[in-house]
Amino acid sequence: MQIQIQEPRNSSSFALFNLGFRPFFLFGAISALLLMLIWLIMLSTGQASQSYYQLSYIWHGHEMLFGYTVAIIAGFLLTAVKNWTSQQTPHGSWLAIIFAVWVAGRILPFTALPPLVIAATDMLFLPLVIVGIGIPIVRSGNHRNLMFMAILSVMTLANGLMHAQILGYTENTMLQGMQLQLGLVILIIMILGGRVIPFFTERALGNFTARKYTWLEYMTPAVTVAWLVSHFAGYLQLAGIMAALAAASQFLRLYGWFHPRLLRNPLLWILQLAYLFIPLGFALYAASAFTGISPYLATHAFAAGAIGSITIGMMARVSLGHTGRPLKLTNWVKVGFGFMIVSGLIRSLLPLAPDLYVPALHASALFWMIAWMLFLIPYTPVLLQPRLDGQYG
């Protein structure tokens, strides 16, 4: 099957579906804000159930991983693959269809439609993204990027594990699905981060070359995959050892990308500071495997810390670069970066202060929402309006 995608020469004043990052960054950010707001309302009112996902915390976990996070990953890949392969990725009506399926997956769980229809709709999104990036990857012969199709395929499996238990086909696979998805998100952030963070840093600083070691670039994904496999195989001490190695390798990578001058550029320091949550998460996981600390410290270092901070930083940089705008931020967005980092730190360390759990949880959620509001105010018109240079995209 071949899908012919021809790019228009000129862009209209409404550019939302010109390239993948536009709809998924904009509505991914909106969903990040609304999901947290709805979650806070559920907590405050004591609402423990949700129509399709049954329990409100299951809905919250699913939507943060398979709603907001997957939207940002999809937007990034549907944009980056075009650059990597020099082949057109979905735009216009084809992109709008993929986006509509994502939106339906967020809304239908609150309707009275049959559960199987709800599950099938939500499950359809990732395969459409795989097709959307797969056609240009295969056409270009760029086999290096086939791994993203493989990762998204396993993400589809992780989503299926959640829906299978909800539909009554399996038992005790919902939590496994969420844990697998979190690990896969960290893996894909690690791969993409290794490509774009040093690249962005070198471009911005000019006379700086990031240090990259071939052995380290092979070791880092290998120990990350070994950690994920040993965790799901139940070898928790082995997983702890792999996590410790992953923490060390991730920190060494980040050290090689660092230069003091990047601290003057918030588009750079937000990404590097955000990436620190990944070795922190692995270190906390290793500590939980050999001590009595809660494993949820690592979970939220990854989820609230790494995912939240890296996505907002990446979206800020990519949105400016791909709309032909100067790589400069407003002061409000810089403040938003700070709120996101603090939100991640509070959420990551909550289990260490059980007496402060409820107020700290609300503070972390509030800072998260403020960060996304400060992002959306300047970036909504950026994502809706055409490129400043008149090019399509």
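This is a predicted model: local features need pLDDT of at least 70, side-chain atom pairs count only at pLDDT 80 or more; totals for chains, interfaces and linings use all residues.
Helix H13 covers residues 357-384, 28 residues in total, where helices (H or I, at least four residues) are DSSP runs numbered from the N terminus. From its first C-alpha to its last, H13 reaches 39 Å, close to the 40 Å expected at 1.5 Å a residue; the expected span is 1.5 Å times one less than the number of residues. H13 also has a kink of about 45 degrees, centred on Pro378. The bend at a residue is the angle between axes fitted to the seven residues ending there and the seven starting there.

Residues are numbered from 1 along each chain as its sequence is written, and side-chain values use heavy atoms, with hydrogens and water left out.

Let us turn to helix H10. Several residues of H10 are buried, among them Phe277, Phe282 and Tyr285; buried means under 20% relative accessible area, exposed over 50%, and partly exposed in between, with a 1.4 Å probe and protein chains only. The buried residues of H10 pack against helices including H6 (174-205), H11 (296-321) and H12 (331-349).

Next, the largest pocket. About 1200 Å³ of space lies in it. Of the 40 residues lining this pocket, the closest to its centre are Leu182, Tyr296, Thr299, His300 and Ala303. A pocket is an open set of points on a 1 Å grid over the protein atoms alone, where a 1.4 Å probe fits, with protein on both sides within 12 Å along at least five of seven lines; lining residues have an atom within 4 Å of a point. The volume is the space filled by probe spheres set on the points, which are joined across faces, edges and corners. Elements giving two or more residues to this lining include H10 and H13.

Which loop holds Asn145? Asn145 lies between helix H4 (115-140) and helix H5 (146-166). Asn145 counts as buried because its relative accessibility is 2%. Its side chain makes a polar contact of 3.0 Å with the side chain of Asn142, and another of 2.8 Å with that of Arg195. A polar contact is a pair of N or O atoms within 3.5 Å; within protein, one must be able to donate a hydrogen and the other to accept it, and residues adjacent in sequence count only if both atoms are side-chain atoms.

Methods: Contact means heavy atoms within 4.5 Å.
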